[in-house]
Amino acid sequence: MNIGIIRCEKNGDRCPLTGCIKSLEKRNEGFSNYDETELTGIFTCKCPGDKVVDFGKILKSKGAEAIHFCTCTFSRKVDGKWVLGDGFCDHVDELAGNVAKETGLPCVKGTAHLPEGYQPVVF
Ligand code: SF4
């Protein structure tokens with residue numbers, strides 16, 4: 001499965017997506033449903049997310065068959081553990097839904113370090 005990742009600009013100068021890329025390569029966490037994975041590319045969303053559909057279309061044109069939004073867009077770290085809610089983006093569901101609708105690709109919320117009990121939501 002060729003996978004594109006969309007991350008949030010809010011930690012763009014702090015996180016090089018090491019965990020997200022490792023999870024994709026190892027097919028765990030948000031990528032555990034795939035038999036094989038290859039990274040198509042990564043885009044950085046910028047508020048308020050106006051370009052995110054274009055990013056999805058470009059990723060598709062480069063071969064992406066699914067697009068994942070980083071876990072930090074909808075989850076946060078508390079005392080060293082990731083918990084659901086209060087991530088960087090208050091409208092990531094809308095963004096992922098729009099990308100899915102406009103590209104026809106599954107858009108998945110989740111990459112690395114999923115909160116306990118969270119099953120990746122697919123738009
Ligand atoms: S729109 Fe959401 S995902 Fe995009 S940069 Fe802003 S907070 Fe991050």
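Which residues of helix 1 (residues 18–26) are buried? I looked up Cys-20, Ser-23 and Leu-24 as the buried ones. They span an arc of only 100° around the axis, so they sit on the same side of helix 1. I took the arc from the directions between the helix axis and the C-beta atoms. Buried means 20 or more other C-beta atoms within 10 Å of a residue's own, exposed means 12 or fewer, and partly exposed lies in between, with C-beta atoms placed from the backbone.

This is a predicted model: local features need pLDDT of at least 70, side-chain atom pairs count only at pLDDT 80 or more, and totals for chains, interfaces and linings use all residues. Numbering starts from 1 along each chain as its sequence is written.

I then checked the other side of helix 1, where Thr-18, Glu-25 and Lys-26 are exposed. The cover over the buried residues includes strand 1 (2–8) and strand 2 (38–45); contact is C-beta atoms, placed from the backbone, within 7 Å. Helices (H or I, at least four residues) and strands (E, at least two) are DSSP runs, numbered from the N terminus. Just after helix 1, I noted Arg-27 with a positive phi of about 55°.

I found 5 strands in an open sheet, order 2-1-3-6-7, with mixed pairing. Strand 2 and strand 7 (121–122) are the edges, each pairing on one side only. Pairing needs at least two DSSP bridges between two strands. Strand 1 runs parallel to strand 3 (residues 66–69), joined by 4 bridges. I located Gly-4 opposite Ile-67 in strand 3.

Conventions. Two residues are in contact if their C-beta atoms, placed from the backbone, lie within 7 Å.
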